[in-house]
Amino acid sequence: MSGTLKLAEPWEEVEKAGWLNKKGQVVKSWKKRWCVLASGSLFYFKSPSSRSPLGSIPLYLSLLSSLPSSSDSTLAFVFHIKPLKASRTYVLQAESGKDRHDWISAISPFLISSPPSPSSSSLSSSSLSLVSSSPLLSSSSSSSSSSSSAAAPEGRFQPEIKGFADEGMADVLAQLDLSPLDEHNLKLLDNVHPPNYVDPEESDGHYNMVVIGAGAGGLVTACGSAGVGARVAIIEKHLLGGDCLNYGCVPSKALLSCARTASAIKHSQDFFIKVNGEVEIDFAGIMERMRKLRAEISPNDSVKRLEEEYGIHVFFGAAKFTGPNTIMVNDKTLKFRKACIASGGRPAVPNIPGLLEANPLTNISVFNLTELPKRLVVIGSGAIGCELSQAFALFGSEVHIIERGERILNREEEEAAEIVSESLARDGVLFHLKSRCVRVEMRGSEKVLIIADENDKETEIVADQILVAVGRKPNVTKMGLKVAGVDYDQRKGVFVNDMLQTSNKNVFAVGDCCSKYKFTHVADFMARIVIRNALFFGKARFTSLVLPWCTYTKPEVAHVGLYESDLKGTKCSVFQKHFKDLDRAILDGETNGYIKMIVKEGTDQILGCTIVASNAGDMISEVTLAMTNHIGMAGISVTIHPYPTQADVIRHTADMYNRTRLTPVVRSLFRKLMAARR
């Protein structure tokens with residue numbers, strides 16, 4: 001090889017020694033997961049102004065000078081990272097060969113087609129000469145001095161575009177911290193925010209329905225409206241699929257399925273199955289599996305499906321109301337008869353001194369991890385906090401939960417929370433209840449949380465990562481809601497009536513931006529109400545829905561309807577059966593659970609149900625079906641369930657109800673009748 005290793009201005013020179021081996025390959029890397037391809041090409045990259053794909057630090061890229069100019073040669077890039085207090089430089093080896101197309105797709109959103117002039121940099125002339133021979137730049141590129149005979153990958157790489165090939169894409173990667181950009185995440189992006197996507201060109205911009213936000217609620221609203229003949233546009237600022245697909249239900253359950261397998265191995269001795277030798281947890285493989293499965297599911301929410309199957313016009317950008325019946329996106333005005341706000345929510349981050357400087361994880365960024373943190377501290381003990389705490393503990397992390405309250409899962413029944421707490425503790429989770437995080441300090445690479453108990457006694461917990469799981473905030477700002485006449489509160493979200501109509505009669509809202517029930521399936525059925533009410537003069541009401549939910553710990557906690565605590569002062573009957581008395585649960589070794597049915601006194605009407613079991617989320621649907629279709633306990637009791645199953649516990653509680661109908665008077669009459677027939 002020839003030339004010296006230098007950085008483009010204004011970066012300082014980097015010493016050559018120790019960075020390249022005899023073959024001219026870079027031997028130092030940063031976590032290896034961040035690589036870019038630039039075979040014989042000169043690229044410049046713009047620094048994102050906000051959060052970069054590598055974290056909450058600016059990312060700068062510059063080209064190192066001349067390497068061999070053969071078609072298989074690899075140019076190295078320098079990632080110059082500027083943290084708050086220090087400055088470190090890392091070199092990564094570029095990929096080559098068959099992955100060229102994928103990596104060009106990955107980096108093309110950051111491409112600037114007009115790099116600075118050679119005079120403004122310290123690049124050698126030999127490196128500049130590589131530009132004209134690049135097979136990846138088209139003849140229209142202003143950085144090329146001669147035409148190229150090789151065409152760019154069709155529809156994926158457009159260097160002739162000025163500035164960012166897709167500035168919205170850069171914002172997506174910066175704000176969501178979507179990483180690593182491997183083949184699975186590239187496939188995900190191809191489906192839910194394709195590089196170089198061009199908004200539809202419309203002559204009038206009139207729509208029956210315009211939807212803001214493409215999460216579960218927005219997609220169902222858009223697809224359902226288009227399915228009945230409406231002209232529909234949907235606007236998404238980030239990724240189609242929203243929370244559920246990208247950093248909610250889908251990735252979390254992929255992790256939890258691996259955690260359950262780890263749990264089975266960990267507790268295999270309970271079934272007299274001995275594992276000799278060490279069991280290895282391949283956390284990087286677990287995360288790659290998650291990314292692979294998420295990408296495989298993503299076509300369901302893809303641009304291609306929305307456009308080709310439903311005829312929906314998809315716009316990527318920030319939506320803003322400009323009037324009671326108009327929305328602007330990317331300098332285009334869309335006029336609507338009806339609109340639906342489905343902007344979702346975002347993780348709430350508490351105002352704890354030093355927390356932001358420690359770059360905490362949320363339910364968004366936690367799924368970018370490729371290395372298992374040895375020590376993880378979770379702030380909050382709701383569903384997300386408990387699910388991920390148990391999973392990471394089973395993977396091998398030392399996990400601490402900090403909770404201000406007296407117990408975890410404070411929205412669930414106390415008995416259910418106690419069972420889950422014991423299970424988490426058995427898997428190694430450590431609890432700090434009645435405690436609050438006072439401040440966070442950075443001590444080298446360690447993150448130190450100073451917590452105070454109810455007596456203000458302070459202790460320290462050292463962590464490698466901090467996960468914030470204290471709830472969610474609605475996305476309602478910077479949308480021009482006041483201009484549209486839509487009332488909202490930054491904490492509570494958009495205000496809607498029982499028909500999900502906002503203060504603007506032509507604008508509706510669904511999902512996390514307006515509801516306290518922040519679940520994918522609830523947003524789905526809210527959207528169905530909007531379709532009926534907005535397009536067909538319907539009168540469907542949200543309060544008519546029967547809403548189940550589930551926390552996917554081990555065991556799971558599922559609930560539907562009312563809690564016993566909701567019925568204080570109301571006469572009701574409670575029927576409870578513990579799994580220690582259920583045959584299948586005994587055989588499965590899963591006796592630490594129960595079912596509780598709440599029934600209106602004097603009737604068989606089911607008011608609510610809680611199930612704690614390994615598959616409670618699947619079991620609760622039978623009770624939900626009964627409540628939705630006004631089937632009471634008597635109807636359940638005559639329904640035959642296979643034996644032995646854990647779901648049979650539902651029929652057992654119905655039998656318990658039936659026995660209450662056998663009053664002393666009726667029992668006495670039956671005895672006399674039986675005596676007479678002997």
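Select R231 and Y207 to begin: R231 lies over the face of Y207, 4.7 Å from the ring centre. A charge counts as sitting over a ring if NZ of Lys or CZ of Arg is within 6 Å of the ring centre and within 35 degrees of the ring normal. For another example, pick R528 and F525, where the charged end of R528 sits over the ring, 4.5 Å from its centre.

A word about what you are viewing: this is a predicted model, in which local features need pLDDT of at least 70 and side-chain atom pairs count only at pLDDT 80 or more, while totals for chains, interfaces and linings use all residues. Residues are numbered from 1 along each chain as its sequence is written, and side-chain values use heavy atoms, with hydrogens and water left out.

**Stop: a sheet and its helix**

Now show the strands β13, β12, β11 and β17. In that order they form an open sheet of four strands with parallel pairing. Strands (E, at least two residues) and helices (H or I, at least four) are DSSP runs, numbered from the N terminus, and two strands pair if DSSP finds at least two bridges between them. Which are the edge strands? They are β13 (430-432) and β17 (465-468), and each pairs on one side only. Neighbouring strands here are turned by 20° against each other on average, with direction ignored.

Zoom in on β12 (residues 398-402), which runs parallel to β13 and is joined to it by three bridges. Select I401 and you will find its bridge partner, F431, in β13. In general, strands of a sheet pair through backbone hydrogen bonds, either parallel or antiparallel.

**Stop: aromatic rings**

Rings of Phe, Tyr and Trp (its six-membered ring) pair if their centres lie within 6.5 Å; planes under 30 degrees apart count as stacked, over 60 as edge-to-face and the rest as tilted. The whole structure holds ten aromatic pairs. F283 and F392 have ring centres 5.7 Å apart and planes at 50°, so this pair is tilted. F283 lies in helix α8 (residues 283-297) and F392 in helix α10, so the pair ties together parts that are 109 residues apart in sequence.

Turn to F283 and F395: with centres 6.0 Å apart and planes at 65°, this pair is edge-to-face. Both F283 and F395 are buried, where buried means under 20% relative accessible area, exposed over 50% and partly exposed in between (1.4 Å probe, protein chains only). Then select Y517, F519, F542, W549 and Y563, which ring pairs link into a cluster.

**Stop: nonpolar cores**

Next, select I234, F321, I327 and I341. Of the 64 residues in the largest nonpolar core, these touch the most other members. Such a core is a set of buried Ala, Val, Leu, Ile, Met, Phe, Trp, Tyr and Cys residues joined through side-chain atoms within 4.5 Å. Apart from it lies another core, of 40 residues, among them M290, L361, A416 and I419. In soluble globular proteins, nonpolar side chains tend to be buried together.

**Stop: a meeting across the sequence**

Select I531, in helix α13 (residues 520-535). Is I531 buried or exposed? It is buried, with a relative accessible area of 10%. I531 and G224 are 307 residues apart in sequence and 6.9 Å apart in space, C-alpha to C-alpha. Leaving aside neighbours within four places in sequence, I531 is in contact (heavy atoms within 4.5 Å) with V220, T221, G224, S225 and F536.

**Last stop: backbone details**

Select K554 and P555, joined by a cis peptide bond with omega of about 5°. P555 is in the loop between β22 (548-551) and β23 (556-561). Finally, go to the loop between β8 (326-329) and β9 (332-341), where you will find N330. N330 has a positive phi of about 50° although it is not a glycine, and at 39% relative accessibility it counts as partly exposed. D331, in the loop between β8 and β9, has a positive phi of about 65°, and it is not a glycine either. D331 is exposed, with a relative accessible area of 72%.

Definitions and conventions
Axes fitted to C-alpha atoms, helices over the stretch in contact; angles between N-to-C directions.
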